[in-house]
Amino acid sequence: MSTVQKTISPRAWAELALLSFLWGGSFLSVRIALNEIGFLTSVAHRVGWAALILWGYVLIRRIAIPKDPKVWLACFVMGMLANAIPFCLMAWGQLHIETGLTSILNAATAIFGVLAAAIFFADERLTPRRLIGVSLGFLGVATAIGLSSLLQLDLRSLGQLAVIGGTISYALAGVWARKMLSDLKPQLAAAGMLTGSSLVMIPAAWMIEGPIRFDLAPATWIAIAYYAIFATAVAYLVYYHVLKTAGAGNVALCTLTIAPVAIVLGAIVLGEALRWQAYAGFVILSLGLLILNGWFGRKPVQHGAGGA
């Protein structure tokens, strides 16, 4: 993964901010939905509606649809790693920990992504700078969780570990995408993986938690609409656009800005109050991520402003 960064245009900054708010709000909306529906059902709604929206986008844009079964198998595996597994683990975790803490632990995705890339790709070796960033990242996660809590395997500790498990799945999804889906248009890859996860999550939710209900409270439907339409389908489209215009290093800024949005929303709407260890862990983790992405100790290479 290259650490070369592009300068960011005002439009790209606005898109980064939008992406931060879209994903930052997803933690609150998922938690609200969980007040009425099971965590598997919440994920089934998320991937199912998002898949329909993205396929609509693919058809409207007349993007060529591949016929090779290997492509769809790769999308199915991607759907497990990037959607079904992490969405389920994080939704279950949110039943037992605060939304703000979930978002902080979610930021560790980049840390595990660097480690996964170093394991599977020869050109992604752990340089001294990356080792420092990864080490600080793990220290930040350990601080946010609290090492003492890991010694008591209660539901809160298990909830935190579930979220960490979700970030590891995200990291493996990045490896799989590079190996198997690099030649596929990203919007099509997103639609394909959401379809794959829907084929698993809808039957799983139905069998384990009962028939998927549609007679839900307005607040639940608003929450589902938000995290399925805006925080998943729309966010994917914004993400791929800003990735193209601003570069991977700058898009990683979202990892740092999502958590503050989620923390503020959790405090305002749910009255959550995080321990000081969570904030301290986030600061340390943020420092590690900034080092990983070359924001300390090197001057970003100038590539000009991003365009549409």
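**Exercise 1. Compare the span of helix 2 with its expected span, then say what follows the helix.**

Solution. Helix 2 has 22 residues and reaches 32 Å from its first C-alpha to its last. That is close to the 32 Å expected at 1.5 Å a residue. The expected span is 1.5 Å times one less than the number of residues. Helices here are DSSP runs (H or I, at least four residues), strands are DSSP runs of E (at least two), and both are numbered from the N terminus.

Next, the residue after the helix. Helix 2 is followed by Arg62, with a positive phi near 55 degrees. Arg62 is not a glycine. Its place is in the loop between helix 2 (39–60) and helix 3. Arg62 is exposed, with a relative accessible area of 77%. The classes are buried (under 20% relative accessible area), exposed (over 50%) and partly exposed (in between), with a 1.4 Å probe and protein chains only.

A note on the model: it is predicted, so local features need pLDDT of at least 70 and side-chain atom pairs count only at pLDDT 80 or more, while totals for chains, interfaces and linings use all residues. Residues are numbered from 1 along each chain as its sequence is written, and side-chain values use heavy atoms, with hydrogens and water left out.

**Exercise 2. Describe the overall make-up of the protein.**

Solution. Start with the secondary structure. The protein has 13 helices and zero strands.

Then take burial. Of the 308 residues in the protein, 50% are buried.

Then the surface. The accessible surface comes to about 14200 Å². Carbon and sulfur atoms hold 72% of that surface. Accessible areas come from the Shrake-Rupley method with a 1.4 Å probe; for residues, only the protein chains shown count as cover.

Last, the contacts (heavy atoms within 4.5 Å). Among those between residues at least 6 apart in sequence, 88% join residues at least 24 apart.

**Exercise 3. Is Asn83 buried or exposed, and what does its side chain meet?**

Solution. Locate the residue. Asn83 sits in helix 3 (residues 69–94). Asn83 is buried, with a relative accessible area of 0%.

Find its polar partner. The Asn83 side chain makes a polar contact with the side chain of Tyr236, at 3.1 Å. A polar contact is a pair of N or O atoms within 3.5 Å; within protein, one must be able to donate a hydrogen and the other to accept it, and residues adjacent in sequence count only if both atoms are side-chain atoms.

Now list the contacts, leaving aside neighbours within four places in sequence. They are Val47, Met78, Cys88, Met193, Leu194, Ser197 and Tyr236.

**Exercise 4. Which helix gives the most to the lining of the second largest pocket?**

Solution. Begin with the volume. About 300 Å³ of space lies in the second largest pocket. Of the 11 residues that line this pocket, the closest to its centre are Tyr57, Arg61, Gln187, His241 and Lys244.

Now the helices. Helix 9 (186–209) and helix 10 (218–246) each supply at least two lining residues. Helix 10 gives the most, with four residues.

For the terms: on a 1 Å grid over the protein atoms alone, a pocket is an open set of points where a 1.4 Å probe fits, with protein on both sides within 12 Å along at least five of seven lines. Lining residues have an atom within 4 Å of a point. Grid points are joined across faces, edges and corners, and the volume is the space filled by probe spheres set on the points.
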